[in-house]
Amino acid sequence: MTRRVLIRATGVARPGQLAGLGKALAASGARLLDINQSVTFGILSLEALVGLAQESDLEGALAATGDALGLGIQAIQVSAEDYQRWSVQASQPRLILTLLAPHLPAGILAEVGALTAEHGLTVELIHRLSGREPLDGGMPEHGACVECWLRGEEVDLDALREKALALGAMHGVDIALQEDSIWRRHRRLVCFDMDSTLIQTEVIDELARRHGVGDEVAEVTERAMRGELDFQQSFRERMAKLKGLDESVLAEIAAELPLMDGLERLMHHLKRLGYRTAILSGGFTYFARHLQETLGFDEVHANELVIEDGKVTGEVREPILDADRKAELLHEIARREGLAMEQTIAVGDGANDLKMLAAAGLGIAYRAKPLVRAQARQSISTLGLDAVLYLIGYRQGDLEEPER
């Protein structure tokens, strides 16, 4: 009859330890059933589950091996009941919880641990995606990010997200929750809203300011972004106020567009990694094409201003690109590119983006209004736009390019 033993080894990591343990296990006739090893701050932690014939003297062999390798080694008998329980846990769905912030307060660990326990989830693995914090105590480059793998029986994900959102707001930390799947590291299409997502302004407000109707248009824009007004009606109302604006103003504004923090780094890596990128904007093609030329977006879809005799007429060419059309375009581009919707990412900040965010495999509300953050499945408010790379699952080290 076979018995199962969990081998646990810890100590200062050095070359040859795995080989030494492997030889001891092989000499005892052990069958390897599972294994996990990690090294953190130079300390090795290895767990191996093995199957043995009852008469095998593995414990004695391991004691001598541990002394030789500088490791403390435990051999723990595993009952059939424990083995069955572990097998059931391993088959349960996995959730990925990501913590993002300029720096992570230690207290967030206790809060997250309590929240996950409340929902019956076990923390299976915690690892850092961001780079090391600098020795001088400054902020880590590109922010701090820790990823936790959770397992448990079926959970009310909406309720868990709602509590995580409130917890994150209390500590100044973004807490994102995703269901793990084969698609998570195989997204291929990223679609962005433009105004207040790719750029730190609402272009229509800037046009209105230059035209002397800034306060009137800003009030309508704010109500629309909060979801209090129908987009098409509010859009036409704002556009009408721009009638007579000189075309030269468009070029001036395009040349001065303030890019969102982290955008250039994000686009550099998305292009390097082979992602297709698109702008799906309720703003204007004039400015979206400027970003396309500057940053290399593969395609843009936005509203086209009607200009006659060098003046803005206050109209746009139909159809107006609204919330429904953004979601339709996301589907159309994915279908054209031969992608599953699970392989798509959408990023936006306003109520006009919610349908697009809901349709995407990964929908991210970026520095969004409270209503949008509450309805979106993921949100980022504390870091630059390049934090999207963390939600896809990339480590900072994965993205560092060797010097040539």
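Me: Which helices each supply at least two residues of the lining of the largest cavity?
Reply: In this predicted model, the lining of the largest cavity consists of Arg265, Leu389, Tyr390, Tyr394, Gln396 and Leu399. The helices that each supply at least two of the lining residues are α15 (388–392) and α16 (396–399).

Me: How much space lies in the largest cavity?
Reply: A probe the size of a water molecule, rolled over the atoms, shows where empty space is left. The count of cavities of 30 Å³ or more comes to one. The space in the largest cavity is about 30 Å³.

Me: Which residues have the most contacts inside the largest nonpolar core?
Reply: The largest nonpolar core has 60 residues. Its largest share, five residues, comes from α15. Apart from this core lies another of 20 residues, including Leu189 and Leu354. Inside the largest core, the residues with the most contacts are Phe192, Phe284 and Phe287.

Me: Is threonine 197 buried or exposed?
Reply: Threonine 197 is found in the loop between β9 (189–192) and α6 (203–210). Leaving aside residues up to four places away in sequence, threonine 197 touches Met260, Val347, Gly348, Asp349, Tyr366 and Leu385. Because its relative accessible area is 0% and the cut-off is under 20%, threonine 197 is buried.

Me: Which residues does phenylalanine 192 touch, not counting residues up to four places away in sequence?
Reply: Phenylalanine 192 is among the residues with the most contacts inside the largest nonpolar core. With residues up to four places away in sequence not counted, phenylalanine 192 touches Leu198, Leu266, Met267, Leu270, Ala278, Ile279, Leu280, Phe297, Val347 and Leu385.

Me: How many disulfides does the count come to?
Reply: A disulfide requires two cysteine sulfur atoms within 2.5 Å. For cysteine 145, the nearest cysteine sulfur is that of cysteine 148, 9.3 Å away, so cysteine 145 is in no disulfide. For the model, the count of disulfides comes to zero.

Me: What is the relative accessibility of cysteine 191?
Reply: Cysteine 145 is buried, with a relative accessible area of 1%. Cysteine 191 also counts as buried, because its relative accessibility is under the cut-off of 20%. The value for cysteine 191 is 0%.

How values were computed: Residues numbered from 1 in each chain as written. Predicted model: local features only at pLDDT ≥ 70, side-chain atom pairs only at ≥ 80, totals over all residues. Heavy atoms only, no water. 1 Å grid on protein atoms, 1.4 Å probe; cavity = no way out; pocket = protein on both sides within 12 Å on 5 of 7 lines; lining within 4 Å. Points joined across faces, edges and corners; volume = space filled by probe spheres on them. Helix = DSSP H or I, 4+ residues; strand = E, 2+ residues; numbered from the N terminus. Core = buried A, V, L, I, M, F, W, Y, C linked by side-chain atoms within 4.5 Å. Buried < 20%, exposed > 50% of the residue type's maximum accessible area, 1.4 Å probe, protein only. Contact = heavy atoms within 4.5 Å.
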